[in-house]
Amino acid sequence: MSTAEAPHTNTASPVLELQLDCHSEAVGPARHLASGFLEQLDPSVERDTREAVILVVSELVTNAVRHAGGKTCTLRLRAGPESVVVTVGDSSPVLPRPRTPDVTGEGGGFGWSMVCRIATAVEIRREQAGKAVTAIVSRQGHGTE
């Protein structure tokens, strides 16, 4: 089961915070809740930005599910005037790294490099119980290619 806190204002920035069960079924609800969060923003985000943020959420949550090995992970979205900040935390101390993509479609390897291309900045922060990966997606002039 996933728990969610409704979007709220924190220092004038809308924020969505979720704790998710760290299994593959968490990815769909994370995408759906991120989409709802983005739809409520004023000013609204452009379609390309919305798609980019949802893709980043999907990839970061998927990476937490596949590689972290924990029972829960966290998703935090914060919207500012220039960007949307996506942070996913998990219990693994192992940092993300590029992998050779599996072109057969079985083993992945595309997500991390995709996140790094879409985001204007990516930060990985070690925490007491794992790590947090933050990707910043620009609200202006962004295309998902």
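1. The model is a predicted one.

2. On one side, β3 pairs with strand β2 (residues 13–21) in the antiparallel sense, over seven bridges. Within this pairing, Asp-21 has Thr-72 of β3 as its bridge partner.

3. The structure holds six salt bridges. One of them joins the side chains of Glu-17 and Arg-76, at 2.9 Å from N to O. Because Glu-17 lies in strand β2 and Arg-76 in strand β3, this pair ties together parts that are 59 residues apart in sequence. Glu-17 has 28% relative accessibility and counts as partly exposed; Arg-76 is likewise partly exposed, at 28%.

4. Glu-123, Arg-125 and Glu-127 are linked in a network of salt bridges. Between Arg-125 and Glu-123 the closest N and O atoms are 3.2 Å apart, and between Glu-127 and Arg-125 the N to O distance is 3.0 Å.

5. Val-122 is placed in strand β5, residues 121–127. With a relative accessible area of 32%, Val-122 is partly exposed. Together with Leu-95 and Ile-124, Val-122 makes a nonpolar surface patch of about 190 Å².

6. Thr-134 lies in strand β6, residues 130–138. Its relative accessibility is 10%, so Thr-134 counts as buried, the cut-off being under 20%. The side chain of Thr-134 makes a polar contact of 2.9 Å with the side chain of Thr-87.

7. Helix α2 covers residues 47–67, and its 21 residues should span 30 Å at 1.5 Å a residue. The C-alpha atoms at its ends are 30 Å apart, which agrees with that expectation. Just after α2, Gly-69 takes a positive phi of about 70°.

Conventions
Residues are numbered from 1 along each chain as its sequence is written. This is a predicted model: local features need pLDDT of at least 70, side-chain atom pairs count only at pLDDT 80 or more; totals for chains, interfaces and linings use all residues. Side-chain values use heavy atoms; hydrogens and water are left out. Helices (H or I, at least four residues) and strands (E, at least two) are DSSP runs, numbered from the N terminus. The expected span of a helix is 1.5 Å times one less than its number of residues. Patches are made of residues with over 30% relative accessible area and no salt bridge: like charges are joined within 9 Å, nonpolar side chains (Val, Leu, Ile, Met, Phe, Trp, Tyr) within 5 Å. Accessible areas come from the Shrake-Rupley method with a 1.4 Å probe; for residues, only the protein chains shown count as cover. A salt bridge is a side-chain nitrogen of Lys or Arg within 4 Å of a carboxyl oxygen of Asp or Glu. Buried means under 20% relative accessible area, exposed over 50%, partly exposed in between (1.4 Å probe, protein chains only). Two strands pair if DSSP finds at least two bridges between them. A polar contact is a pair of N or O atoms within 3.5 Å; within protein, one must be able to donate a hydrogen and the other to accept it, and residues adjacent in sequence count only if both atoms are side-chain atoms.
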